[in-house]
Amino acid sequence: MAKSYVHEVRKRVGPAKARVKPVIERLAVEHADAKIALTFTTPLELLVSVMLSAQTTDVNVNRVTEKLFQKYKRPEDYLAVPLEELERDIFATGFYRQKAKALRGTMHMLITEYDGEVPEAFDDLLRLPGVARKTANVVSAERGNAQGIVVDTHVRRLSQRLGFTKQEDPVKIERDLVKLVPREDWARFPHLLIWHGRRVCDARRPACERCVISDLCPSSRV
Ligand code: SF4
């Protein structure tokens, strides 16, 4: 993109800091139903669902957990069966060997160090085997205690298109976003971008002509 063109576009849409709030507000109206797509009823089910969601779709996870959560209700239940049985029960989510190992390690730590409960503190969540920053972020946000901003493929693409970050690495993108997005919006911001990404701002064919934030977007084609 030519330098003068970039300058023109920036001038048209204004600085990111001034655009972020109207972007959030408009997307919140447009996608009033935007929320986590995983199905869970307890903090333990939430944690397990998010751990299983790596490298697969939420729909797929929900299909597996519908049966899984009838059989495994407490951390002890995940340790009471042979490893191969747990692997079979989560097989359809993919990467079942790593996931089963991570689940067992996490359940063991929950029992030995957290009285069988999922801890509230972000740093405690990060200590659990197989729980990386993204998982800890999702779990914290869903429990009303967002400590950061979840960055998935949609959040990355839309944040870049909206000029909220130039980074590629999720950790660096999150660093840019937490400076920009008001703290009270950290939990809903990723859901809004994810739903907008799925419904309007497609990876290959963004539908800018029916996008409610096109006048705020430096990548708009209209
Ligand atoms: S204007 Fe186009 S590129 Fe920008 S957010 Fe909307 S759909 Fe995506």
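On a 1 Å grid over the protein atoms alone, a cavity is a set of points where a 1.4 Å probe fits but cannot get out, whereas a pocket is an open set with protein on both sides within 12 Å along at least five of seven lines; lining residues have an atom within 4 Å of a point. Grid points are joined across faces, edges and corners, and a volume is the space filled by probe spheres set on the points. Rolling a probe the size of a water molecule over the atoms shows where empty space is left.

The model examined here is predicted: local features need pLDDT of at least 70, side-chain atom pairs count only at pLDDT 80 or more, and totals for chains, interfaces and linings use all residues. Residues are numbered from 1 along each chain as its sequence is written, and side-chain values use heavy atoms, with hydrogens and water left out.

The protein contains 12 helices and 0 strands; helices (H or I, at least four residues) and strands (E, at least two) are DSSP runs, numbered from the N terminus. Its C-alpha atoms fill a box of roughly 65 × 30 × 30 Å along the principal axes. Of the 222 residues, 46% are buried, where buried means under 20% relative accessible area, exposed over 50%, and partly exposed in between (1.4 Å probe, protein chains only).

The largest nonpolar core has 33 residues, and Tyr78 and Leu103 touch the most other members. Such a core is a set of buried Ala, Val, Leu, Ile, Met, Phe, Trp, Tyr and Cys residues joined through side-chain atoms within 4.5 Å. Two or more residues come from each of α3, α4, α6 (83-90), α7, α8 (122-127) and α9, and α3 gives the most, with 7 residues.

The structure holds 1 cavity of 30 Å³ or more, and the largest cavity has a volume of about 30 Å³. Helix α3 (residues 43-52) supplies the largest share of this lining, 3 residues. By class, the cavity lining comprises 5 nonpolar, 1 polar and 2 charged residues; Ala, Val, Leu, Ile, Met, Phe, Trp, Tyr, Cys and Pro count as nonpolar, Asp, Glu, Lys and Arg as charged, and the others, Gly among them, as polar.

The largest pocket holds about 900 Å³ of space. It is lined by 36 residues, of which Ser53, Ala54, Thr56, Asp58 and Lys134 are the closest to its centre. The elements that give two or more residues to this lining are α3, α4 (58-71), α7 (96-113), α9 (133-142), α10 (153-161) and α12 (188-199), and α9 gives the most, with 6 residues. The pocket lining has 18 nonpolar, 11 polar and 7 charged residues.

Around the ligand lie Arg161, Cys201, Pro206, Cys208, Cys211, Ile213, Ser214, Cys217 and Ser220, each with a heavy atom within 4 Å of it. This shell divides into 6 nonpolar, 2 polar and 1 charged residues.

Lys179 lies in helix α11 (residues 170-180). Lys179 counts as exposed because its relative accessibility is 60%. The C-alpha atoms of Lys179 and Gln70 are separated by 41 Å, the two residues being 109 apart along the chain.
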